[in-house]
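Me: I'm new to this one and would like to learn how to read it. Could you walk me through a few features, one at a time?

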Amino acid sequence: MDTEFVDRVEPMRELRSLVRALSEGHGGALLVEGVSGMGKTSLLGNFVRQAAEDADAAGRCRLVLARCHPGIGPGMRYGPVIDILNELYTPPPPPGRLRRIFGGAARGADLSVPELLSSLVPGGGAVYTIAREAVVSAINSGTMPSDSLLPFQQGLAAQLVDALLGLAASGPPVVLVIDDVQHIDPSSLLVLDRLLRLLPGAPISLVLSHATDEAQDAAGDSTEELLRRWESESLIRSHSLDGLPEDAVAELVRGRYPDAPSGLPAALSRLTAGYPVFVQLCLDEWLPENGERLALPESVERVVEHRMRRLGAEDQTLLEAAATQGAVFLSRPAAETIGASHEEVTERLRRIEKDHRLLVRAESPDWAAREPSDCYAFPHQALWQVLYRRQTPQQRRTRHARIARSLAAGSGAAGSGSELGRRLEIARHLEEGGPECLADAAEAHYALARSAAIDGLSFAEAERHCEKAIQAVRGLAEDTPGRDLLLVQAIELLLSLTEVRWRGLHESGDGPGIDALAAEAERAAARLGEPHLLARTTLLRGKTLMATQGLVPGLGKLRSAVEIAGQQDDPVALFVAKVEYGRQASKRELAEGITQLREAEELYASEPRLGGGHDPVLQHARNLNEMQLGIGLYDSGRLGPALTRLLRCTERLRSEHLNAELPIALNYLAQVRIGIGQYEEAAADLAEARAHEAARGGESGWHAYNTALLALLAARDPERRSEALTLAEDAWLETEATWLINLVPIVRNLYAEVLLETVSGGTARHSGGGPEARGAAEALERALRLATDTVVETRRTGMVRSEIAALSLSARIRLVRGESARAADLARQSVELLRRTGDMPALRTEEVLLHAARVLHAAGAGDEPGRDVADEIAELLRQARAKVMEKADSLEDPTLRHTFLTGVPLNRAVVHGRLEDD
């Protein structure tokens, strides 16, 4: 009798209900969870087996079972997904290529993802190849930020979901069963997250099992967090397995020992709380001659120790060494770990299995399919854990090191073979092998990080390997050969992978913050004395300084990176550094930024080593440079050239395979269109950008920015103000989640402006203490808090453009609230700061000037002593009008010029000197 499967009527009923609903066209998901040993694996195995034996059920649905492996599971990128695709792909493969794909031993190997996509998704292999080239180039140059790499990973996940749906639609609907999801890899989780959101109308249902007490590390914690989120979003329902009731324990006792004393089941149930694995261990120890006077053991450890005493000392050592490999182990590494002959060890293991029931035969993992070893497993997780803990720390370290050497020697290419599972196993043992293994562990994890990023587009796995590599490198003496180079490479890769999530106080794992990591890499590059590495690490440090300390410190480092790159015969490094510095310098000094971007453009056009190839990093930098120059020209008042450049850039980007930068270019184009009065075209551009990023999946700072601009357009339409508020709130929530430091104050200001527009355009006119008036007051208070937060933050970060905009907004908000004196003071602060800085990006000078004039006029500040306010207002209007006319003159098309002057309410008011707000 299956000990762990008795009394599981209710969860089995839920599983059958899931199959029934799927056969009727309703996909769904079920999570079966509980502590280890509660029978989850047995439940799912019996479910799959019974369904296969039930001819009626088998005709309605297909069931596919995949398992995640402890230890190396989180590193097996797309592991269960590839196993499932392999199972579902029934047509016989042609000779050669596809046979290599679907050979069981190759599952999860490096080349299976692209070849699977080539076979199952039209054009999938080509897109994967482009993405891979981009990641290779980015890692090798250290210059492409991960917000440009993430679309590749999200696109790959989307294609794998398409492949699953396509295979499911080719026959009866499919129930996917994934066991031990606590050991799943993050890339597979990304696929499951996309799949779950499509299940209601898909020919697929999903069953997951989760051991709540087996999270190995941060990866397990992330899985737990995602499972809870899926539950909260009603994407999956859960069923918890508890201990067996007394009648089920009695059934087990009768099945094993029909003549056992009548009091044994009750005593066993009280002792074990129905914990299935403990029940079985205790029954294994019970002997009939003990009768009802049986003294049951007090713990699993006691059971294991009692059973181990029946073995000789050498066999106990053998099992401890085997347990160091894991819950499943191979005989050859076990033999080499204790220095015994393999033949002798295989015989001893066979005897221990037969005579002592401490082992069971197991199927070799895929990566060890060609390994000349017997494979065994410990029958219970508890037994394995006790044997592992029996060893001293140094015994464990020594044995881990020996196992790593044994596995590397058996791979054919020590430590760097193509079998991902073996490489993960070797790295795991090196990591636990103590000081003697630090250098090898660092190299193994860094190689795995590159492989995860390049071959699997699996950035979460790559991050984890980078962190482990850095931790191992830090344990080495500074004069260890290769140490500093490996440290630079691992930190550079880690920070590139995490850049999209940087916040001011972002921590990388349990280590130091991002700027401390970048500074550590910079010092290592200086010790190496390699100018190209110093240029790269200086550029990286500039980025982290901007994220943690603000624009000014960051710009200083970025300028140094340009200078260092300029001293080398490396146009790629110089071009990339100039583009990055120019983009960021524009935020504080628009003219300097435009100068750097123009120089970068001229370098690209004149340097043969830049313009003739298809290097993805250069292409990315060129795209950023072109669109940044376009928006920079707009910000400096050259509207016509800006529109021409951005139209050309977006059209070219639309023709690229993955359009990584297209949402940014569309954002810039929409800003220009809004500025010249092409509101419908701007809305269409923003909708295209949002749809593009929504198709990729995941949160994005640029998606939030585009949403906020769309909200502002909607707020100016009285019929769409409720929609505008919803869009603005969504934009701010997404901004808080992504926190791209240069976009945060912009979106926050846009949110405040939408609140102000909806209030001043409608509810603010309600008087009294009714709901409308209270709602208006709350909205104004919220808007003022947002604007004030921006002022405080930007004075720390140096984002002056957003500080000016926030001061202007605060003045307008306080005026609507009736705080005239404070409003006038804030308006003057915004103008004074603008005069000190000149034109700024993402800020219309004439808008700040007009609003200041309106605030001073509406505040009735004409009687202020020592100040001729009327002249002050007139001067503000004159400057605003001059700026508007200068911009109008940059539009050669007379239709565009007319629309700019008459179709934009702000410009119309400036030209006519209208001081009353629309």
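**Reading the helices and rings**

Reply: Let's start with two residues: Y668 is buried, and W702 is buried too. Buried means under 20% relative accessible area, exposed means over 50%, and partly exposed is in between, with a 1.4 Å probe and protein chains only. This is a predicted model, where local features need pLDDT of at least 70, side-chain atom pairs count only at pLDDT 80 or more, and totals for chains, interfaces and linings use all residues. Residues are numbered from 1 along each chain as its sequence is written, and side-chain values use heavy atoms, leaving out hydrogens and water.

Me: How many aromatic pairs does the structure hold?

Reply: Rings of Phe, Tyr and Trp (its six-membered ring) pair if their centres lie within 6.5 Å; planes under 30 degrees apart are stacked, over 60 edge-to-face, and the rest tilted. The structure holds six such pairs. One of them is F575 with Y604, a tilted pair at 5.3 Å centre to centre and 40 degrees between the planes. This pair links distant parts of the chain, with F575 in helix α27 (residues 571-585) and Y604 in helix α28 (residues 590-606), 29 residues apart. F575 is buried at 1% relative accessibility, and Y604 is buried at 13%.

Reply: Y668 and W702 pair up as well, edge-to-face, at 5.8 Å centre to centre and 80 degrees between the planes. Here Y668 sits in helix α32 (residues 662-676) and W702 in helix α34, 34 residues apart. There's also an aromatic cluster, made of F329, Y376 and F378.

Me: What do the helix labels mean, and what span should the 15 residues of α34 have?

Reply: Helices are DSSP runs (H or I, at least four residues), numbered from the N terminus. The expected span is 1.5 Å times one less than the number of residues. For α34 (residues 701-715), that gives 21 Å, and its end C-alpha atoms are 21 Å apart, which agrees. Also, 15 of the 15 residues of α34 are buried, so this helix is largely enclosed by the rest of the structure.

Me: Which residue caps the N-terminal end of α34?

Reply: Look for a polar contact: a pair of N or O atoms within 3.5 Å; within protein, one must be able to donate a hydrogen and the other to accept it, and residues adjacent in sequence count only if both atoms are side-chain atoms. S700 does the capping, with a side-chain oxygen 3.2 Å from the backbone nitrogen of W702. Helix α42 has a cap too: a side-chain oxygen of D893 lies 2.8 Å from the backbone nitrogen of T895.

Me: Which residues of α42 are buried?

Reply: An α-helix has 3.6 residues a turn, so residues three or four places apart point the same way. In α42 (residues 894-902), the buried residues are L896, F900 and L901. They cover an arc of only 125 degrees around the axis, which puts them on the same side of α42; the arc is that of the directions from the helix axis to the C-beta atoms. The face turned away from that buried side carries the exposed P894, T895 and H898.

Me: What covers the buried residues of α42?

Reply: The cover includes α31 (639-654), α32, α41 (869-889) and α43 (905-912). Contact means heavy atoms within 4.5 Å.

Me: Is H465 buried or exposed?

Reply: H465, found in helix α22 (residues 459-474), is buried, with a relative accessible area of 5%. Leaving aside neighbours within four places in sequence, H465 is in contact with L424, H445, L448 and A449.

Methods:
Helix = DSSP H or I, 4+ residues; strand = E, 2+ residues; numbered from the N terminus.
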